[in-house]
Amino acid sequence: MTKFPALAALSLIALATPAFADPPKGLDARIEALRTRSGTPGMAVAIVENGKVVLAKGYGVRKLGSNAKVDANTLFMIGSTGKAFTVAALATLVDAGKIGWEDKVIDHLPDFRMYDPWVTREMTIRDLLVHRSGLGLGAGDLLMAPRGSLSRSEIMKRLRFIKPATSFRSAYAYDNLLYIVAGAVIEVVSGQPWEDFMREHVFKPGGFPDATAEEKRQLATVDRAYPHGRIGGPVRGVGQMQLLDERSRLGQAAAPAGLIAASANDLGRWLQIQLGAGELPDGKGRLFSAAAARDMWTPVTPIPIVPLPEPVNGATPDFQSYALGWEVRTYKGAKIVWHAGGLFGFTTVVVMIPQKNVGFAIAINSEEVEPRTGLMYELIDHYLGLPRQDWPTRFATFQRSRLDAAQAVVKQKAAAPADVGPSLPVTRYAGRYVDAWYGALVVGQDAKGLTVDFTTTPQMTGRLSHYQYDTFLATFDDPNTEPAYLTFGLDRTGKVTRITAAPVSPVADFSFDYQDLLFEPENSK
């Protein structure tokens with residue numbers, strides 16, 4: 001990619017087309033209407049125009065059943081939009097001359113290993129950040145979701161057992177584990193835990209008074225939003241809005257990939273710094289250099305374009321690529337730098353339109369598309385001077401159609417399993433099975449039948465009921481965890497030789513698609 005000198009980059013920002021003077025008229029009422037219509041308990045919205053925060057505000061309540069209002073300081077979990085903060089932390093080390101983007105990871109982390117030894121030797125810090133490692137979509141996420149118990153070093157050790165889906169640097173596939181490795185790089189280079197480094201070298205100098213990367217601090221903060229979702233129906237997203245268990249989320253080890261909490265005020269300042277190419281809003285210093293800012297926004301890995309269906313086809317980009325913690329795409333000919341985030345009851349978008357020198361962030365404590373994605377495109381259209389469309393209604397219609405189709409599939413599966421099997425008495429399915437990267441799966445038995453325990457993942461316990469053939473349905477005690485089919489493979493003597501897994505829902509989040517799992521009897525080798 002072409003690289004511009006720092007002066008030229010800053011000039012481009014200075015000469016950017018001025019943004020509209022104000023947010024859309026009636027925006028407050030519009031946000032409140034979308035929040036209410038979608039059933040979302042609370043929202044935080046920040047907008048920056050030409051270096052100034054023109055809106056940083058909370059809407060609704062922090063928790064269903066409570067009167068505590070969301071304000072500009074209320075903490076929201078911002079999910080994968082926090083990846084850009086991890087990149088900013090790395091940028092401070094690049095600026096200090098302690099690392100380079102092209103440094104080999106293994107030179108800083110001697111115990112780092114990928115499945116392929118050549119990839120191990122060649123992977124750079126930049127490669128950790130741009131989703132071109134060869135890992136499959138969300139590979140290994142069950143090590144940390146819905147709630148992980150492993151340390152960063154243990155997750156990194158298990159990475160070597162995950163087989164690649166493609167060759168190195170040949171294709172885009174979003175992953176989280178390598179951002180955990182990036183956090184480990186920060187720790188070994190700085191000599192500090194990632195959480196401490198973020199607090200002392202990003203949040204404090206950047207001027208983010210509310211932001212935190214520490215789960216304990218977030219949970220101890222009174223002014224915080226709580227997670228909500230619809231998990232009472234056949235598929236996630238259907239049913240009554242309800243408060244979710246705060247424990248059903250990533251473990252602290254996964255924080256570099258998406259466990260940062262921030263307020264509307266924090267997000268407004270973050271937008272100022274990003275649009276200012278690393279310069280602090282008061283002009284008294286920098287969080288990171290202009291050179292690092294260019295690297296952050298420089299496209300690296302092309303993302304295949306899959307046309308969206310009607311009624312949201314107009315949101316299909318002409319170009320999209322992943323940079324360092326940011327996705328870069330075009331919309332109606334304009335460059336958009338953005339990222340979405342989702343974390344079990346929280347969803348967020350952070351969006352910038354460089355040519356207009358404008359950016360905005362929307363954080364909600366639910367999983368609805370109307371107030372997040374719908375409002376996102378309404379704001380983009382406004383700042384690009386395009387005719388207004390009712391994007392929230394379009395995305396709500398699209399989501400409803402998607403969920404209706406998914407429900408139909410699940411109901412069909414439940415209604416017509418083959419009346420065949422199981423091949424063995426249920427006692428013979430019980431045992432301890434091991435997957436090389438995940439760890440142990442225990443199939444037990446009690447008076448009610450078979451039980452299941454994904455031992456690496458706290459709370460991921462439940463029951464097995466026969467579905468068809470030698471496939472059983474796993475339903476979990478934690479309703480936040482997607483049900484799965486476990487299929488037992490038998491040899492010619494009737495001995496269980498393997499277990500594979502697949503989600504019941506066709507729209508299950510990729511962290512719950514149970515990909516790459518192959519459990520074998522623990523003592524089979």
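## Helix 2 and helix 14

A crossing of two helices is called left-handed if the near helix is turned anticlockwise from the far one by less than a right angle, and right-handed if clockwise. Helix 2 passes helix 14 in a right-handed crossing. The helices named here, H or I runs of at least four residues in DSSP, and the strands, E runs of at least two, are numbered from the N terminus. The model is a predicted one, in which local features need pLDDT of at least 70 and side-chain atom pairs count only at pLDDT 80 or more, while totals for chains, interfaces and linings use all residues. Residues are numbered from 1 along each chain as its sequence is written, and side-chain values use heavy atoms, with hydrogens and water left out.

Angles under 35 degrees count as roughly parallel, over 145 as roughly antiparallel, 65 to 115 as roughly perpendicular and the rest as oblique. Contact, meaning heavy atoms within 4.5 Å, is made by L27, R30, I31, L34, R37 and S38 of helix 2 with E370, P371, L375, E378 and L379 of helix 14.

## The surroundings of helix 9

Helix 9 (residues 194-206) packs on helix 3 (residues 83-95) at an angle of about 75°, the axes being 10 Å apart. This makes helix 3 roughly perpendicular to helix 9. On the side of helix 3 the contact involves F85, T86, A89, T92 and L93, and on the side of helix 9 it involves W194, F197, M198, H201, V202 and F203.

Residues are described as buried under 20% relative accessible area, exposed over 50% and partly exposed in between (1.4 Å probe, protein chains only). In helix 9 the buried residues are W194, E195, F197, M198, V202, F203 and G206. These buried residues pack against helix 3, helix 7 (152-159), helix 8 (177-190), helix 11 (255-258) and helix 12 (264-275). Helix 9 is followed by G207, which has a positive phi near 80°.

## Helix 7 and helix 8

Helix 7 and helix 8 also form a packed pair, with an angle of about 125° and axes 10 Å apart. Helix 7 is therefore oblique to helix 8. Their crossing is left-handed. R152, I155, M156 and L159 of helix 7 make the contact with L177, L178, I180, V181 and E187 of helix 8.

The loop between these two helices contains R169. R169 has a positive phi of about 60° although it is not a glycine. With a relative accessible area of 37%, R169 is partly exposed.

## Aromatic rings and charges

Rings of Phe, Tyr and Trp (its six-membered ring) pair if their centres lie within 6.5 Å; planes under 30 degrees apart count as stacked, over 60 as edge-to-face and the rest as tilted. By this rule there are 25 aromatic pairs. In one of them, Y438 and F519 have ring centres 6.0 Å apart and planes at 85°, so the pair is edge-to-face. Y438 lies in the loop between strand 13 (431-435) and strand 14 (439-446), and F519 in the loop between strand 19 (496-503) and strand 20 (520-521), so the pair ties together parts that are 81 residues apart in sequence. Y438 and F519 are both buried. One aromatic cluster is formed by W437, Y438, F454, F476, Y514 and F519.

A charge is said to sit over a ring if NZ of Lys or CZ of Arg is within 6 Å of the ring centre and within 35 degrees of the ring normal. K83 lies over the face of Y179, at 5.4 Å from the ring centre. The charged end of R394 is placed over the ring of W391, 5.4 Å from its centre.

## Local features in the loops

The peptide bond between E310 and P311 is cis, with omega about 10°. P311 belongs to the loop between strand 7 (301-302) and strand 8 (320-322). Another cis peptide bond runs from G421 to P422, with omega near 0°. P422 is in the loop between helix 15 (391-415) and strand 13.

D516, in the loop between strand 19 and strand 20, has a positive phi of about 70° although it is not a glycine. N365 is in the loop between strand 12 (358-364) and helix 14. N365 counts as buried, at 0% relative accessibility. The C-alpha atoms of N365 and A225 are separated by 6.4 Å, and the two residues are 140 residues apart along the chain.

Note on methods
Axes are lines fitted to C-alpha atoms, for helices over the stretch in contact, and angles run from 0 to 180 degrees between N-to-C directions.
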